[in-house]
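Here is a short tour of one structure, with chain B as our guide. Please keep the 3D view open as you read.

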Amino acid sequence: MFLGITSAGWLQLVLYMAALTALAVPLGGYVARVLSGQRNWLSPVFTRVEGLIYAMGDVRPDQDMTWKDYAAAVILFSFGGFILLFGLLLTQGVLPLNPQHLPNLTPDLAFNTAVSFVTNTNWQSYAGETTLSYFSQMVGLTVQNFVSAAVGIAVLAALIRGLTGQTTDKLGNFWVDLVRINLYILLPLALIVAVALSSQGVIQTFASYVTAHTLEGASQTIAVGPVASQEAIKMLGTNGGGFFNTNSAHPFENPTPLSNLIEMLSILLIPAALCFTFGKMIGDRRQGIAIFAAMTLVFVPLTAACIGLEQAGNPHLVAAGADTAPNMEGPATAQAGGNMEGKDTRFGIANSAIWATATTAASNGSVNAMHDSFTPLGGLIPMILMQFGEVIYGGVGSGLYGMLVFVILTVFIAGLMVGRTPEYLGKKIGAFEIKMASMAVLLPCALVLICTAVAVLTPWGQAGIYNPGAQGFSEVLYAFTSAANNNGSAFAGLSANTPFYNSLLGLCMLFGRFFVLLPVLAIAGSLAAKRTVPASAGTLPTHTPLFVVFLIGVIVLVGVLTYAPALVLGPVIEHLNLIKG
Amino acid sequence: MSLIKHIQPTVVSLAVFTVLFGGVYPLATTAIVQTAFHDKAEGSLIRDGQTVIGSRLIGQNFSQPQYLWGRLSATGPAPYNAAASSGSNYGVNNPALIEAAKARRDALNLTGPVPVDLLTASGSGLDPHISPAAAAVQVPRIAAARHMPEQRVRDAIAAATQTPDFGVLGEARVNVLEVNLRLDGRLK
């Protein structure tokens with residue numbers, strides 16, 4: 001035991017970070033080739049498909065777009081995806097592949113779910129196995145799992161082109177980015193992960209639910225379905241919407257510790273890889289490494305803290321007669337110990353806590369344990385990771401473009417402090433960029449706090465609260481934090497499948513996605529129009545350890561200053577109640 | 001900028017991606033894994049002749065003394081409802097959490113501290129495992145109910161115990177259904 005974490009827990013954390021880095025670096029290089037339009041080892045397979053799509057869609061791939069044009073394409077594509085998914089969910093009762101004869105979704109639930117998947121949030125107001133047909137899961141949700149992720153990476157690509165462009169108004173072609181990201185990056189990765197997960201026992205079948213006759217003479221209906229194909233892209237695309245209600249805690253989504261590792265790596269793989277993509281595309285790898293370092297330096301300490309807090313356990317359960325001490329002594333008497341409520345035995349404490357922080361650092365939002373049952377401070381950590389704005393790795397694409405917004409703010413603040421003109425990668429940062437960056441950072445914060453206040457002050461909001469006391473407030477705060485930052489995980493005690501929560505959370509997801517994405521494209525357009533000035537003695541280097549620390553400081557300061565009062569009202573009071581006994 | 005010119009690529013790309021990711025990709029995955037891992041793809045089902053007894057991956061409710069008991073399950077309306085997975089979502093200070101733990105402790109009728117996973121509900125509500133420690137404390141009850149030596153119960157547990165994957169990943173765990181099938185002599 002060191003810092004309240006078992007040696008096996010430390011070992012798994014170290015292994016996880018090592019494997020993540022080892023996979024992210026080469027993938028980052030490959031993604032850079034794809035985004036730059038270079039040939040790669042999949043070109044022989046997909047070049048003709050690509051060409052066919054452009055021909056049918058009347059897309060001229062060499063015709064670059066201005067930022068406004070790019071934004072219009074993003075909006076229209078997302079809106080089209082929303083209409084398609086919304087319509088499909090409203091009519092699933094008459095559509096095929098519905099062996100359980102599940103009815104159409106209510107309009108508010110269909111709205112919430114469609115928005116949720118189009119914005120790459122994947123909040124679960126629905127309960128997979130009792131709400132959605134195989135057709136809805138496969139043709140509806142899986143498709144958006146791919147394309148909403150691709151939209152995030154496309155916008156990042158446009159921002160990178162804005163940073164490297166010279167007095168141009170062109171940011172690339174959205175349709176080309178969209179098609180290439182889907183075909184060359186997401187599809188092959190998803191196929192590999194889906195097969196790997198199946199080897200561990202993740203199911204993939206179109207059979208109806210199975211009826212088992214149990215040893216004690218009861219009848220048990222077992223929900224099944226085409227899970228593996230959806231599970232893979234759910235993890236890789238920072239989507240997180242589960243096939244089943246309990247998401248990756250369900251043994252058919254995540255049957256073994258090895259499947260758990262594959263899924264946890266899939267959560268952070270692309271967001272981490274994009275840091276190295278960024279370094280390669282701007283021609284200065286150190287810049288990408290600095291950003292990856294800043295993310296990692298926030299992630300690892302918070303993850304370790306979460307493991308330690310969950311391993312410490314619940315004193316109420318000890319008083320009720322539970323033995324919560326971890327025991328690694330031989331296979332006959334081993335137990336994970338700690339706070340096991342809401343956690344599955346095969347994952348124990350370490351893997352549940354690492355997952356909880358990874359899924360909220362990235363805007364994945366899948367869970368393998370119930371966050372509502374975490375200790376108060378153990379549950380505060382996933383919350384604050386979302387409240388940092390989903391930039392610690394963050395969503396695919398959206399995490400890094402959010403992080404670059406913070407980088408712009410940081411060079412601005414640093415510039416103010418030392419009296420230098422702020423610049424990043426040779427581009428002068430002006431008033432317009434700062435206005436847009438401030439909007440992208442502050443709007444989600446405002447949404448979270450205002451909507452939480454509205455919910456706890458109105459009977460419709462109060463009606464959904466499940467746990468008594470301060471934990472009830474935390475459930476509401478967590479929900480709006482998750483929606484406005486496009487995460488999708490929940491303190492799931494909250495009954496959110498009501499017209500009030502479905503609508504308000506749906507609007508938070510929409511604003512939280514597009515009022516960050518649009519300012520980012522505006523910044524990209526503005527930066528592209530500028531000329532890169534050579535570094536001088538007065539230039540603040542942005543690849544140094546000093547800058548990394550300063551960047552972390554700005555992120556933490558904005559997050560903590562914005563949310564400290566709300567966090568005191570929820571998790572901190574709940575913690576005081578816990579230690580009081 | 002005009003929205004009109006983006007309509008055709010929107011319609012075409014959505015159509016192509018729906019066919020590709022909603023049809024070709026899941027069907028290709030199905031074809032591959034149904035060939036390579038057929039039993040796993042179907043749910044790791046355990047059969048007795050034509051009858052499905054359960055799934056190796058899905059827990060069952062056990063409350064009779066001669067069986068090994070698993071985790072508490074918060075699924076409704078009955079525990080271990082594999083058609084509607086759910087955790088309890090109890091916060092640490094929720095009185096219902098403490099009541100559930102005490103009720104389980106009373107039902108186990110054990111002296112001394114009880115391994116925590118035996119007093120708490122799993123996240124999925126379908127956890128097929130308990131810890132080896134939680135299995136060990138139940139050996140005397142099972143042996144007494146079955147009029148069988150404790151060592152035979154321990155052997156059945158040991159045969160269904162997995163150590164962490166590759167020695168490092170996850171936790172040591174006992175498959176509850178497998179132990180009970182062995183105790184009933186339905187699995188060798």
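## Reading the model

This is a predicted model, in which local features need pLDDT of at least 70, side-chain atom pairs count only at pLDDT 80 or more, and totals for chains, interfaces and linings use all residues. Residues are numbered from 1 along each chain as its sequence is written, while chains are lettered from A and ligands numbered from 1 in the order in which they are written.

## An enclosed helix

Helix α7 of chain B (residues 176-183) is largely enclosed by the rest of the structure, because 8 of its 8 residues are buried (20 or more other C-beta atoms, placed from the backbone, within 10 Å of the residue's own). Helices here are DSSP runs of H or I with at least four residues, and strands are E runs of at least two, numbered from the N terminus. Among the buried residues are Glu178(B) and Arg182(B). The cover includes α5 (139-146) and α6 (150-159) of chain B. After the helix comes Gly185(B), with a positive phi near 75 degrees.

In chain B, an open sheet of 3 strands runs in the order β4-β6-β5 with antiparallel pairing (pairing takes at least two DSSP bridges). Its edge strands are β4 and β5. Thr161(B) has Val174(B) in β6(B) as its bridge partner.

## Meeting chain A

Contact (C-beta atoms, placed from the backbone, within 7 Å) links 96 residues of chain B with 118 of chain A. The most on the chain B side comes from α1(B), with 20 residues.

Methods
A residue is buried if 20 or more other C-beta atoms lie within 10 Å of its own, exposed if 12 or fewer, and partly exposed in between; C-beta atoms are placed from the backbone. Two residues are in contact if their C-beta atoms, placed from the backbone, lie within 7 Å.
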